[in-house]
Every structure is written in C-alpha cells, then in structure tokens.
Amino acid sequence: MSKEIRIPPDWNAEVQTNLDRFDFTFNAQKDFDIAERIYRRLLELRGMYVTAFTENEEKANAEYTLRLELDDLILKANDSLMNWKHP
C-alpha cells in the first residue's frame, strides 16, 4: 500500500523552506537516509504541481510559482545523493 502524500498548506512556502535549508540538508547532514527522505519529499512536491498542471494549467501556473526553483533543487539534491561522501 502506498503512503498518502501530505499536501502542504502552502506549497510555495514548503519549497522555499527546502531551498533555504539545502546546504544544511545535503552538505552538513551526516545521515544519508534522512537526506534521501527529504529528496523523496521534493519529488512528492513536484508530483503535486505536475498533477495540478494536468488538471488546470492556468490555475497551476498561478499557484505553483516556485516550480522551476524546485526542479533545480531536485537536480542538486539528486547530484548530492549520487556523490554522497559522508561516513
């Protein structure tokens, strides 16, 4: 059974929080599992806006303003996980 995805009350605020905490999460973090969970959450956030675009592109454009920043963050996070060097 798949886990239910928690929809944040403010999607953009959650993305901004992840943007602000990226260095701590992926550079200072010592626990790969925690970093990987955060990465999966980024993918869930992306899935939310992809779904919203399929339902109503105009409304999604207005509501999901940090989608490009999230995509960039996902790429950086993926790169960090692929090159993980922490003990």
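**Helices, core and cavity of a predicted model**

Biologist: What pattern does the protein chain follow along the sequence?

Modeller: Helices (DSSP runs of H or I, at least four residues) and strands (DSSP runs of E, at least two residues) are numbered from the N terminus. The protein chain has five helices and zero strands, and its C-alpha trace spans about 45 × 30 × 20 Å along the principal axes. Read along the sequence, the pattern is therefore α-α-α-α-α.

Biologist: Of the contacts between residues at least 6 apart in sequence, what percentage join residues at least 24 apart?

Modeller: The protein chain has 87 residues, of which 34% count as buried. Among its contacts between residues at least 6 apart in sequence, the share that join residues at least 24 apart is 75%.

Biologist: With neighbours within four places in sequence left aside, which residues is valine 15 in contact with?

Modeller: Valine 15 has its place in helix H1 and is buried, with a relative accessible area of 0%. Leucine 70, with its own neighbours within four places left aside, is in contact with Trp11, Val15, Leu42, Leu45, Arg46 and Tyr49. Counted in this way, the contacts of valine 15 are Leu45, Leu66 and Leu70.

Biologist: How far apart are the C-alpha atoms of isoleucine 74 and tyrosine 39?

Modeller: Isoleucine 74 is found in helix H5 and is buried, with a relative accessible area of 9%. Leaving aside neighbours within four places in sequence, isoleucine 74 is in contact with Tyr39, Leu42, Leu43 and Arg46. Although isoleucine 74 and tyrosine 39 are 35 residues apart along the chain, their C-alpha atoms are separated by 7.0 Å.

Biologist: How many residues apart in sequence are the parts that the pair of tryptophan 11 and tyrosine 49 ties together?

Modeller: Rings of Phe, Tyr and Trp (its six-membered ring) pair if their centres lie within 6.5 Å, and planes under 30 degrees apart count as stacked, over 60 as edge-to-face and the rest as tilted. The structure holds five aromatic pairs, one of which joins tryptophan 11 and tyrosine 49 edge-to-face, at 5.8 Å centre to centre and 85° between the planes. Because tryptophan 11 lies in helix H1 and tyrosine 49 in helix H3, the separation in sequence of the parts tied together by this pair is 38 residues.

Biologist: The charged end of lysine 76 sits over the ring of which residue?

Modeller: A charge sits over a ring if NZ of Lys or CZ of Arg is within 6 Å of the ring centre and within 35 degrees of the ring normal. The charged end of lysine 76 lies 4.5 Å from the centre of the ring in question, which belongs to phenylalanine 22.

Biologist: Which element gives the most residues to the lining of the largest cavity?

Modeller: On a 1 Å grid over the protein atoms alone, a cavity is a set of points where a 1.4 Å probe fits but cannot get out, and lining residues have an atom within 4 Å of a point. Grid points are joined across faces, edges and corners, a volume is the space filled by probe spheres set on the points, and about 30 Å³ of space lies in the largest cavity. Its lining consists of Asn18, Arg21, Phe22, Thr25, Phe26, Ile38, Leu42 and Leu73, with H2 and H3 as the elements that give two or more residues. With three residues, the element that gives the most to this lining is H2.

Definitions and conventions:
Residues numbered from 1 in each chain as written. Predicted model: local features only at pLDDT ≥ 70, side-chain atom pairs only at ≥ 80, totals over all residues. Heavy atoms only, no water. Contact = heavy atoms within 4.5 Å. 1 Å grid on protein atoms, 1.4 Å probe; cavity = no way out; pocket = protein on both sides within 12 Å on 5 of 7 lines; lining within 4 Å. Buried < 20%, exposed > 50% of the residue type's maximum accessible area, 1.4 Å probe, protein only.
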